[in-house]
Amino acid sequence: LACGTGSVSAILAGKGLSVIGVDMSEEMLTAAQQKCADLQNPPRFVRQSLQRLCLPRGVDLAVCALDSLDYITNPGDCKEAIRRVWKALNPGGIFIFDVNTPEKLRAMDGQVFLDETEDTYCVWRTEYRRGLCTYYIDLFTLAEDGSWDRSFELHRQRGYSVEQLTQWLEEAGFTEIRTWGDGKLRRPVPGEDRVYFTCIRK
């Protein structure tokens, strides 16, 4: 879910699983198809938003990695996306996802980040207002003639609390809802930057 350029899809397909990759971006899906073209059992890629998710068949596992749910900034849409995932899963199916915590996004307010390679230079600024974290990203890439091309991207994320997401999961029909710390096989602790969820459709 929100598979982007298909890195996680490729890993799962490489382990012999039958994979459907879902994303809203046609550009991302094109890159994903190219990345997975040489796999023995390449994923099938579908262009859909998560709040309109409707898969061609039921699945046993749904994975939404890299805080992708945070990009659904309307709470009603996020709740609907969770309901759609429940509907897409077979009975006994597992839903795994991670989110940035509201505390992490709030702490990023006003920060500036830089990343540089030989042919790229990226600077992004963050602003946190009313539960939304906005990323203003300027990307400079070195052209063949030695000049620099500039492009701009704007990203927004909403921080959802563990309690809020747990309620939506329960309302959708998920059970055995568990939360995990950032890269740890334990419950989250205060100050955690990222929280992982696992739950089951009975």
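1. Contact, in this note, means heavy atoms within 4.5 Å. Ser68 touches Ala2 and Asp98, leaving aside residues up to four places away in sequence. Ser68 sits in the loop between β3 (59-64) and α3 (75-88), where helices (H or I, at least four residues) and strands (E, at least two) are DSSP runs numbered from the N terminus. With a relative accessible area of 12%, Ser68 is buried; buried means under 20% relative accessible area, exposed over 50%, and partly exposed in between (1.4 Å probe, protein chains only).

2. A word on the model you are looking at: it is predicted, so local features need pLDDT of at least 70 and side-chain atom pairs count only at pLDDT 80 or more, while totals for chains, interfaces and linings use all residues. Residues are numbered from 1 along each chain as its sequence is written, and side-chain values use heavy atoms, with hydrogens and water left out.

3. Now compare another loop residue. Lys15 lies between α1 (7-14) and β1 (20-23), and its relative accessibility of 65% makes it count as exposed. Lys15 and Asn41 are 26 residues apart in sequence, and their C-alpha atoms are 9.5 Å apart in space.

4. Next, have a look at the open sheet of four strands, whose order is β5-β6-β7-β8 with antiparallel pairing; two strands pair if DSSP finds at least two bridges between them. β5 (112-116) and β8 (148-158) are at the edges with a single partner strand each, so one side of each has no neighbour in the sheet. On average, neighbouring strands here are turned by 15° against each other, direction ignored (axes are lines fitted to C-alpha atoms, and angles run from 0 to 180 degrees between N-to-C directions).

5. Within that sheet, β7 (residues 132-142) and β8 run antiparallel and are joined by 11 bridges. Ile137 stands opposite Glu153 in β8.

6. Finally, the second largest pocket holds about 400 Å³ of space. A pocket is an open set of points on a 1 Å grid where a 1.4 Å probe fits, with protein on both sides within 12 Å along at least five of seven lines; lining residues have an atom within 4 Å of a point. Of the 22 residues that line this pocket, Val162, Glu163, Thr179, Pro188 and Val195 are the closest to its centre.

7. Which element supplies the largest share of the lining of the second largest pocket? That is β9, with four residues. The lining of this pocket divides into 10 nonpolar, six polar and six charged residues.

Notes
Grid points are joined across faces, edges and corners, and a volume is the space filled by probe spheres set on the points. Ala, Val, Leu, Ile, Met, Phe, Trp, Tyr, Cys and Pro count as nonpolar, Asp, Glu, Lys and Arg as charged, and the others, Gly among them, as polar.
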